[in-house]
Amino acid sequence: MEKTTFEITKMDCPSEENLIRMKLDGISSIKNLDFDISNRRLTIFHSGQIDQIEKSILELNLGGQKLTTEKTDQTEFKENSNQKKLLWTVLVINFAFFVIEMTTGLISKSMGLVADSLDMLADSFVYGISLFAVGGTLIRKKRIAKIAGYFQITLAVIGFAEVLRRFFGAEKLPDFTTMIFVSILALIANGICLYLLQKSKSKEEAHMKASMIFTSNDVIINLGVITAGLLVNWLNSNKPDLIIGTIVFVLVIQGAVRILKLGK
């Protein structure tokens, strides 16, 4: 048995962990995966060569880099029996906030909230694929990943078109109070998801460091929408909302491309 450690610089929330798990699913030489999101490290226990595993990780474009490979005597690994329940929990939270942010974004005319809702939907897709593809064939997993990826890209492109329309048109200002209030709720929801998933790893991580929450892209996006809401009010302009919306739509497309790579 060998133990190889990777640094994955763009692995900053649990949805990326699940993307990696799905990408490596089916490689028979892998015996166990040990994720450390806070330090952006992945330790893989495997037999034989690491080449196929390393290639699969690099294909996700998450900034993966092999650090060390060493022999190990460890052959038994603790299974997390609650993983499926946890995935359902975070899926429901993310999908609920997709509905909330999409609805309030359309009502308040905020593209920042609409874009963030798609980011929540993207995470829901990742957790959903993890759940529904478990025990299924590789072909089934790839088919689900392709559908999710293309659907996500379609929504993001529609969002881009709406941003351009609002940029060149005379639109009413988005409701900055709704932007800020809903984004604070989404921020709390993301923190809860990250806390639940990290807490499940081991008892030592039950009291998660606050700094770890703020390594998540999702949380940074929420803070961006809150900032955009303040700027909308201060500058009396919808441009900050359109800018943050554009940035998030780009991130959503990047996430969709990663999901599509699972379908190859």
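Is Phe181 buried or exposed? In this predicted model, Phe181 counts as exposed because its relative accessibility is 54%, and the cut-off for that class is over 50%. The residue is found in helix α6, which spans residues 176–199. Phe181 also belongs to a nonpolar surface patch.

The overall architecture was examined next. The protein contains nine helices and four strands. From the N terminus on, the elements run β-α-β-β-α-β-α-α-α-α-α-α-α. Of the 264 residues, 49% count as buried. The protein exposes about 13,300 Å², and carbon and sulfur atoms supply 61% of that area. Contacts were also sorted by separation along the chain. Among contacts between residues at least 6 apart in sequence, 76% join residues at least 24 apart.

The four strands form an open sheet. Their order is β2-β3-β1-β4, and the pairing is antiparallel. Strands β2 (30–36) and β4 (64–71) stand at the edges. Each has a single partner strand, so one side of each is left without a neighbour in the sheet. On average, neighbouring strands are turned by 20° against each other, direction ignored.

Strand β3 (residues 41–46) takes part in two of the pairings described here. With β2, β3 pairs in the antiparallel sense over six bridges. Within that pairing, Phe35 stands opposite Leu42 of β3. Ile30 has His46 of β3 as its bridge partner. The β2 and β3 hairpin has four residues between the strands. In this hairpin, Arg40 takes a positive phi near 55°. With β1, β3 again pairs in the antiparallel sense, over six bridges. Thr5 stands opposite Thr43 of β3. Strand β3 is mostly covered, with five of its six residues buried. Helix α2 (residues 51–59) lies across β1 (2–8), β2, β3 and β4. The helix runs at about 150° to β3.

Side chains of opposite charge can pair when their charged atoms come close. A search of the whole structure finds four salt bridges. One of them joins Lys71 and Glu2, with an N to O distance of 3.9 Å. This pair links distant parts of the chain: Lys71 is in strand β4 and Glu2 is in strand β1, 69 residues apart. Lys71 counts as exposed because its relative accessibility is 66%.

Two further salt bridges involve Glu162. Arg165 meets Glu162 at 2.8 Å, N to O. Both residues lie in helix α5, three residues apart, which is about one turn of the helix. Arg166 also forms a salt bridge with Glu162, and the closest N and O atoms are 2.8 Å apart. Arg166 and Glu162 are four residues apart in α5, again about one turn. Salt bridges that share partners join Glu162, Arg165 and Arg166 into one network.

How exposed are the members of this network? Arg165 is partly exposed, with a relative accessible area of 44%. Glu162 is partly exposed too, at 22%. Arg166 counts as buried because its relative accessibility is 10%, and buried means under 20%.

Helix α5 (residues 138–168) also holds Ile147. At 57% relative accessibility, Ile147 counts as exposed. The C-alpha atoms of Ile147 and Ile259 are separated by 9.4 Å. The two residues are 112 residues apart along the chain.

Lys109 is found in the loop between α3 (83–108) and α4 (111–132). Its phi is near 60°, a positive value in a residue other than glycine. Lys109 counts as partly exposed, at 32% relative accessibility. Asn236 is found in the loop between α8 (217–235) and α9 (239–262). Phi of Asn236 is near 55°, also a positive value in a residue other than glycine. Asn236 is exposed, with a relative accessible area of 57%.

How values were computed. Residues numbered from 1 in each chain as written. Predicted model: local features only at pLDDT ≥ 70, side-chain atom pairs only at ≥ 80, totals over all residues. Heavy atoms only, no water. Patch = residues over 30% accessible without salt bridge, like charges linked within 9 Å, V, L, I, M, F, W, Y side chains within 5 Å. Areas by Shrake-Rupley, 256 points an atom, 1.4 Å probe, with all protein chains shown as cover. Salt bridge = Lys/Arg side-chain N within 4 Å of Asp/Glu carboxyl O. Buried < 20%, exposed > 50% of the residue type's maximum accessible area, 1.4 Å probe, protein only. Pairing = 2+ DSSP bridges. Axes fitted to C-alpha atoms, helices over the stretch in contact; angles between N-to-C directions. Contact = heavy atoms within 4.5 Å.
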